Amino acid sequence: ANFALFSHRFRVMKRKRTFSPAHLLLILTFFYFIFLQPSFVLMALDPNKSITQYSLHIWNIEGGLPANSVYAVRQTHDGYIWIGTPDGLVRFDGIHFEVYNKEKIPQLTCNIIRALYEDGKGTLWIGTSDGGLTRYKEGQFTTYPFTKYRVLHQIRAINEDRWGNLWIGSFTEGLTCLSNEEFTTYTTKNGLPDNSVSFIYKDRNRDLWVTTAAGIVKLVEPGVFRIYASQKDLPHLKTVCLYEEDTRDLWIGTGERGLFRLNQGKLFTYGTEMGVQNRTINYIYKDGSKDLWIGTDGGGLTRMRNGVFHTLAKNDGLASGCVYSIYEDREGSLWIGTVDGGLHQLKDSQFTNYTTREGLAHDYVYCIHKGRSDQLWIGTEGGLNVLTLKKGELTTLLTTREGLLDNSIGCILEDSSGYLWIGTLEGLHRYKNGKFTYLTKKHGLSDSRVNRIFEDKQGKIWIGTENGLNVLERFNNRGRHIKIFTKDEGLLSNIIEVIYEDSHGNLWIGTNAGLNRFDNGIITIYDLGGRLENIPVKCIYEDKEGVLWFGTDNGLARLAQKQDALDTDTFM
């Protein structure tokens with residue numbers, strides 16, 4: 001449960017005194033997951049979705065942030081999201097931002113917050129640019145000032161080792177350990193490759209890895225480092241961030257040369273040609289689904305899944321292509337801190353979108369048809385797509401290159417014999433096993449502009465066009481026989497919008513001028529008490545009670561067939 005929404009509901013229940021056993025269960029469940037299971041991830045991003053299919057929410061100055069740049073994000077055990085910005089520390093409850101800065105909190109001597117970390121005791125540690133190290137515990141701030149502890153200058157990273165010691169990485173002063181309120185600093189004199197520390201990473205064994213400008217070291221024990229990759233192993237690479245795989249492979253982000261993988265001493269490059277859109281890597285993060293997320297300095301956010309890279313760039317919805325921090329909360333949402341673009345949240349939603357970014361032939365979708373197998377046929381302005389429902393795989397199946405007369409697909413039908421019927425503005429197609437058969441005006445159709453295709457319970461194919469209703473009485477190797485119905489036979493209009501067969505076997509024809517019923521060759525006009533007179537009827541549906549619903553250009557109508565009259569509750 002989202003902490004902010006829970007807090008809001010709790011306040012409302014308290015004010016209204018509307019507690020119930022269900023509310024008590026909700027409260028107990030919430031406190032169990034928040035306080036007894038602080039590391040439990042309730043949900044995760046669906047890894048089978050494309051990176052562009054997640055819900056994206058953005059907060060900036062207009063939404064309550066003090067600045068549009070976010071350097072650090074961290075969720076604490078009480079559910080709050082803490083945010084480091086160049087204009088102060090921010091606590092976010094999901095709805096409201098509370099800003100802590102040196103103007104409000106005297107203990108905060110610098111507003112530029114570059115690093116955040118919560119230790120095993122629930123203490124939040126705040127690393128600033130030139131104000132030292134600040135501790136937040138039980139609502140109180142305590143600062144170790146830079147003026148007194150010069151090694152706490154330009155803090156970029158904070159982490160805790162297996163022994164409970166706190167390690168602070170400085171961009172200029174090396175690596176400092178805080179143990180029992182005493183600071184010990186390690187520099188190149190103590191085995192660090194360089195005094196510029198940018199990243200401290202804790203692996204699954206709780207071992208700490210430290211990236212410096214000239215290489216990577218692993219903390220064996222307090223004060224003892226093992227060089228894992230030096231300038232000799234990584235020539236001309238300014239290391240920025242890293243992640244160790246279960247296979248012991250080391251993913252390394254650099255400041256100038258892109259992404260690398262170190263495997264048994266061999267270095268493999270993953271540049272722009274592999275899908276990483278920028279050579280400056282700011283952050284590497286592994287989520288609960290074991291996907292690798294890479295924040296770049298202008299190329300957006302990249303996800304690596306099963307060795308394939310996909311990028312969410314600025315033109316995909318990001319407010320900035322410069323991603324500086326990444327963090328996954330206990331609900332599985334991914335929080336993205338950007339430079340000049342605010343705070344982004346990626347999360348799953350109830351809706352999954354498919355656009356050209358996911359492989360759709362065109363973003364204009366005209367029709368959808370559920371096939372007999374695990375397939376969804378999608379007609380677009382750019383051709384025919386098929387979506388495999390279980391796998392969620394979207395492919396473009398048919399365009400003019402494969403034989404369509406036109407890429408603009410207005411209607412689709414898969415009939416009982418397994419043939420796929422496709423209606424376009426240039427004619428009707430019957431398709432099976434890679435072969436097309438065409439039906440146009442020159443083949444006897446009343447018009448080549450096909451609006452609707454329908455198969456009735458007897459297996460007859462009905463075709464609604466811009467100039468009449470057609471029924472195929474024969475369509476095989478012996479020839480084609482088409483019977484045509486127009487206004488001369490009783491239709492209200494020759495422009496057919498929808499064809500539908502109800503449970504009684506009646507065929508309903510919606511035109512752009514009203515509704516007709518087709519029964520045993522007899523066409524009847526249905527104006528439903530004058531309410532559908534000269535009104536286009538676009539869609540028809542029969543519910544489980546046998547009530548027919550009509551969607552029109554002037555509202556919704558329903559017909560209860562038992563009374564054969566308009567339901568009195570219906571409105572237009």
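Tutor: Let's begin with a term: a strand is a DSSP run of E of at least two residues, and strands are numbered from the N terminus. In this predicted model, Lys-218 has its place in strand β16, residues 215–221.

Student: Why is Lys-218 called buried?

Tutor: Buried means under 20% relative accessible area. Lys-218 has 12% relative accessibility, so Lys-218 counts as buried.

Student: Which residues does Lys-218 touch, not counting those up to four places away in sequence?

Tutor: Lys-218 touches Asp-203, Asp-207, Leu-208, Trp-209, Val-224, Phe-225 and Arg-226.

Student: What makes Tyr-149 and Phe-183 an aromatic pair, and what kind of pair is it?

Tutor: Ring centres must lie within 6.5 Å, and these two are 4.7 Å apart, centre to centre. Planes under 30 degrees apart count as stacked, over 60 as edge-to-face, and the rest as tilted. The planes of Tyr-149 and Phe-183 make an angle of 55°, so the pair is tilted.

Student: Where do Tyr-149 and Phe-183 lie?

Tutor: Tyr-149 is in the loop between β9 (140–144) and β10 (155–160), while Phe-183 is in strand β13 (residues 182–186), so their pair ties together parts that are 34 residues apart in sequence.

Student: What makes Arg-91 count as sitting over the ring of Tyr-80?

Tutor: One condition is that CZ of Arg is within 6 Å of the ring centre. The charged end of Arg-91 is 4.2 Å from the centre of the Tyr-80 ring.

Student: How many residues does the largest nonpolar core have, and which elements give two or more residues to it?

Tutor: The largest nonpolar core has 26 residues, and Ile-83 and Leu-343 are among those with the most contacts inside it. The elements giving two or more residues are β3 (81–85), β4 (88–92), β5 (97–100), β26 (323–328), β27 (334–338) and β28 (343–347). Beyond its neighbours within four places in sequence, Ile-83 is in contact with residues including Leu-65, Phe-92 and Leu-343.

Student: Where is Ser-446, and why is it called buried?

Tutor: Ser-446 is in the loop between β36 (435–439) and β37 (450–455). Its relative accessibility is 9%, and the cut-off is under 20%, so Ser-446 counts as buried.

Student: What makes Ser-446 and Asn-470 a polar contact?

Tutor: The N or O atoms must be within 3.5 Å, and the contact that joins the side chains of Ser-446 and Asn-470 is 2.8 Å. These two residues are 24 residues apart in sequence, with 7.0 Å from C-alpha to C-alpha. The side chain of Ser-446 also reaches the backbone oxygen of Asn-467, at 3.1 Å.

Definitions and conventions: Residues numbered from 1 in each chain as written. Predicted model: local features only at pLDDT ≥ 70, side-chain atom pairs only at ≥ 80, totals over all residues. Heavy atoms only, no water. Phe/Tyr/Trp six-rings, centres within 6.5 Å; stacked < 30°, edge-to-face > 60°. Helix = DSSP H or I, 4+ residues; strand = E, 2+ residues; numbered from the N terminus. Lys NZ or Arg CZ within 6 Å of the ring centre and 35° of its normal. Core = buried A, V, L, I, M, F, W, Y, C linked by side-chain atoms within 4.5 Å. Buried < 20%, exposed > 50% of the residue type's maximum accessible area, 1.4 Å probe, protein only. Contact = heavy atoms within 4.5 Å. Polar contact = N/O pair within 3.5 Å; in protein donor to acceptor, adjacent residues only side chain to side chain.
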